[in-house]
Amino acid sequence: MGSGKTTVGGILAKRLNRLFVDTDLVIEGQHGPIPQIVADHGWDTFRSMELKMAKQLSQRAGLVISTGGRLMLNPECAAYLEPVSDVVWLKATSEAIVDRILNAPDADPSKRPLLVSGDESPQEVIEKLLQERDVLYSRYEVVDTSPLNPREVADAVLDMLGFKDV
């Protein structure tokens, strides 16, 4: 959340001339807003939708995929996508994430169910999420997006994956 997955994914897809898929946007297109899915049916239902999406995407080649923040932490989802994908973790500091989520021109924290479900501040929620995910995500290649603009992040990902002059 707030690391730049959707923005950078779109840039990468355009530069690589590939189709871009944002799993959260596809799920929302099929089932409605994620906060509503979670409110009506719970996180388990949403996670099942993510698993179905991972299975479907694993059957397609040549995609740039932006996954929801927890999708690759699910071992079943990872088992579908890791063998057929180059996975890169776009990491950011909690300060950068909170700033992006709350201060971006199109910011709408209400679309972030993890931020609005509890008594903790957005900063506290993000710090907890980063602590939980750090160990699990550390198995992937990483680009720190905190000090970079989206084009610089895309450049770093392309360099990391060995794409030259793209």
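The structure is a predicted model, in which local features need pLDDT of at least 70 and side-chain atom pairs count only at pLDDT 80 or more, while totals for chains, interfaces and linings use all residues. Residues are numbered from 1 along each chain as its sequence is written, and side-chain values use heavy atoms, with hydrogens and water left out.

## Helices

Let us begin with helix α8. Helix α8 covers residues 122–137, which makes 16 residues. From its first C-alpha to its last, α8 reaches 21 Å, close to the 22 Å expected at 1.5 Å a residue. That expected span is 1.5 Å times one less than the number of residues in the helix.

Where does α8 bend? The bend is at Q131 and amounts to about 25°. A bend here is the angle between axes fitted to the seven residues ending at a residue and the seven starting there.

Some residues of α8 are hidden from the surface: V125, I126, L129, R133 and Y137 are buried. Buried means under 20% relative accessible area, exposed means over 50%, and partly exposed lies in between (1.4 Å probe, protein chains only).

Next comes a pair of helices, α2 (residues 23–31) and α3 (residues 34–41), whose axes come within 9 Å and cross at roughly 65°. On the α2 side the contact is made by D24, I27, E28 and H31, and on the α3 side by I34, P35 and I37. These residues divide into 4 nonpolar, 1 polar and 2 charged. Axes are lines fitted to C-alpha atoms, for helices over the stretch in contact, with angles running from 0 to 180 degrees between N-to-C directions. Contact means heavy atoms within 4.5 Å. Ala, Val, Leu, Ile, Met, Phe, Trp, Tyr, Cys and Pro count as nonpolar, Asp, Glu, Lys and Arg as charged, and the others, Gly among them, as polar.

## Salt bridges

How many salt bridges does a search of the whole structure find? The search finds 4. A salt bridge is a side-chain nitrogen of Lys or Arg within 4 Å of a carboxyl oxygen of Asp or Glu. The table lists some of them.

| Salt bridge | N to O distance |
|---|---|
| D155 and R15 | 2.6 Å |
| R47 and E50 | 3.0 Å |
| R139 and E82 | 3.0 Å |

R47 and E50 belong to one helix, α4 (residues 43–58), where they are 3 residues apart, or about one helical turn. An α-helix has 3.6 residues a turn, so residues three or four places apart point the same way. E50 is buried, with a relative accessible area of 2%.

Why does the bridge of R139 and E82 tie together separate parts of the sequence? R139 lies in the loop between α8 and β4 (141–144) and E82 in the loop between α5 (75–81) and β3 (88–91), so the pair joins parts that are 57 residues apart in sequence. R139 is partly exposed at 46% relative accessibility, and E82 is partly exposed at 32%.

## Single residues

R70 is found in the loop between β2 (63–66) and α5, and counts as partly exposed at 33% relative accessibility. Setting aside neighbours within four places in sequence, R70 is in contact with R47, R133 and Y137. Among these partners, R47 takes part in a salt bridge with E50, while R133 and Y137 are buried residues of α8.

N17 sits in the loop between α1 and β1 (19–22). Most residues other than glycine have a negative phi. N17 is not a glycine, yet has a positive phi of about 55°. At 73% relative accessibility, N17 is exposed.

T6 lies in helix α1 and is partly exposed, at 38% relative accessibility. Not counting residues up to four places away in sequence, T6 touches F20, D22 and S66. T6 and L25 are 19 residues apart in sequence and 9.4 Å apart in space, C-alpha to C-alpha.

Definitions and conventions
Helix = DSSP H or I, 4+ residues; strand = E, 2+ residues; numbered from the N terminus.
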